[in-house]
Amino acid sequence: MQEKLRVAVVVASTREGRVGDGVGRWFVERAGARTGLDLDVVDLADFAIPACYPARPTPAMAGFARRIAAAEAYVVVTPEYNRSFPASLKQAIDCAYDEWRAKPVGFVSYGYRAAGRYAVEQLRGVFTELHTATLRDAVCLDLLEARVADGGFRPDPERYAHAVTTLLDELVWWGLALRDGRRARPYCA
């Protein structure tokens, strides 16, 4: 029996009153129904990552980097703010470097009208620089179509089922292929 693929689901928004935690729970419920995945929710609201980086990593920064190192694949749950992703996510991404390498990254984005697509496109460039394999397909949620109330997020379950399945299929394929590759030979850049 093959060992489970360790997937970190990174919830990017740290804003008070955010929808991100509800979107993250929604995605994890769907991903959790799939066998072969070991999901770790890495909510950036739980980390006190400083806005100005100190000379040495803080315990929060080191803790975040350890969680990223332990994962073999990632799903970033991100809002779109002003056609980009939140600063809290960029600060967190930069807490790790080698930890991201040679692993796949998928995206669940949300926003109004564009459904977070602009944030995903910018994140692809950031993660390419970190030597990851970004997935082609993403789950992009339009908050105008979803029922959002009291921090809850309840989109039409049928509308996004195919997108979630496609994202997870690609994540598992790349995750297992890159796991085998890293075991066969160290990644070097």
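## Two loop residues with positive phi

His-131 sits in the loop that runs between α4 and β5 (133-134). The model described here is a predicted one. Phi of His-131 is near 65°, which is a positive value in a residue other than glycine.

Ala-115 is another residue with a positive phi that is not glycine; its value is near 60°. The loop that holds Ala-115 lies between β4 (104-111) and α4 (117-129). Ala-115 has a relative accessible area of 2% and is therefore buried, since buried means under 20%. As background to both cases, most residues other than glycine have a negative phi.

## How α1 meets α5

How do the axes of α1 and α5 cross, and within what distance do they come? The two axes come within 11 Å, and the crossing angle is roughly 65°. Angles of 65 to 115 degrees count as roughly perpendicular, and α1 and α5 are therefore roughly perpendicular to each other. The crossing in which α1 passes α5 is right-handed.

Which residues make the contact? From α1 come Trp-26, Phe-27, Arg-30 and Ala-31, while α5 supplies Val-164, Leu-167 and Leu-168. Sorted by type, the residues of this contact of α1 with α5 are six nonpolar, one charged and no polar.

The whole structure was searched for salt bridges, and 13 were found. One of them pairs Glu-29 with Arg-30, with the closest N and O atoms 3.5 Å apart. Glu-29 has a relative accessibility of 56% and so counts as exposed. Arg-30, at 30%, counts as partly exposed. Arg-30 is also one of the residues through which α1 touches α5.

A further salt bridge joins Arg-34 to Asp-169, and here the closest N and O atoms are 2.6 Å apart. This pair links distant parts of the chain: Arg-34 belongs to the loop between α1 (20-32) and β2 (37-43), Asp-169 belongs to helix α5 (residues 161-184), and 135 residues separate them. Arg-34 is partly exposed, its relative accessible area being 27%. Asp-169 is partly exposed as well, with a value of 39%.

Where in the chain are the partners Glu-72 and Arg-179? Glu-72 is in the loop between α2 (59-70) and β3 (73-79), and Arg-179 is in helix α5, so their pairing ties together parts 107 residues apart in sequence. The two residues form a salt bridge in which the closest N and O atoms are 2.8 Å apart.

Are Glu-72 and Arg-179 buried or exposed? Both are buried.

## Distances across the model

Ala-33 is placed in the loop between α1 and β2. At 66% relative accessibility, Ala-33 counts as exposed, because exposed means over 50%. Ala-33 and Val-19 are 14 residues apart along the chain, and their C-alpha atoms are separated by 22 Å.

The other two pairs each start from a residue of α5. Asp-169, found in that helix, is 165 residues from Lys-4 in sequence, with 14 Å between the two C-alpha atoms. Asp-180 is likewise found in helix α5. Its relative accessible area is 46%, so Asp-180 is partly exposed. Between Asp-180 and Asn-82 there are 39 Å, taken from C-alpha to C-alpha, and these residues are 98 apart along the chain.

Note on methods:
Residues are numbered from 1 along each chain as its sequence is written. This is a predicted model: local features need pLDDT of at least 70, side-chain atom pairs count only at pLDDT 80 or more; totals for chains, interfaces and linings use all residues. Side-chain values use heavy atoms; hydrogens and water are left out. A salt bridge is a side-chain nitrogen of Lys or Arg within 4 Å of a carboxyl oxygen of Asp or Glu. Buried means under 20% relative accessible area, exposed over 50%, partly exposed in between (1.4 Å probe, protein chains only). Helices (H or I, at least four residues) and strands (E, at least two) are DSSP runs, numbered from the N terminus. Axes are lines fitted to C-alpha atoms, for helices over the stretch in contact, and angles run from 0 to 180 degrees between N-to-C directions. Angles under 35 degrees count as roughly parallel, over 145 as roughly antiparallel, 65 to 115 as roughly perpendicular and the rest as oblique. A crossing is left-handed if the near helix is turned anticlockwise from the far one by less than a right angle, and right-handed if clockwise. Contact means heavy atoms within 4.5 Å. Ala, Val, Leu, Ile, Met, Phe, Trp, Tyr, Cys and Pro count as nonpolar, Asp, Glu, Lys and Arg as charged, and the others, Gly among them, as polar.
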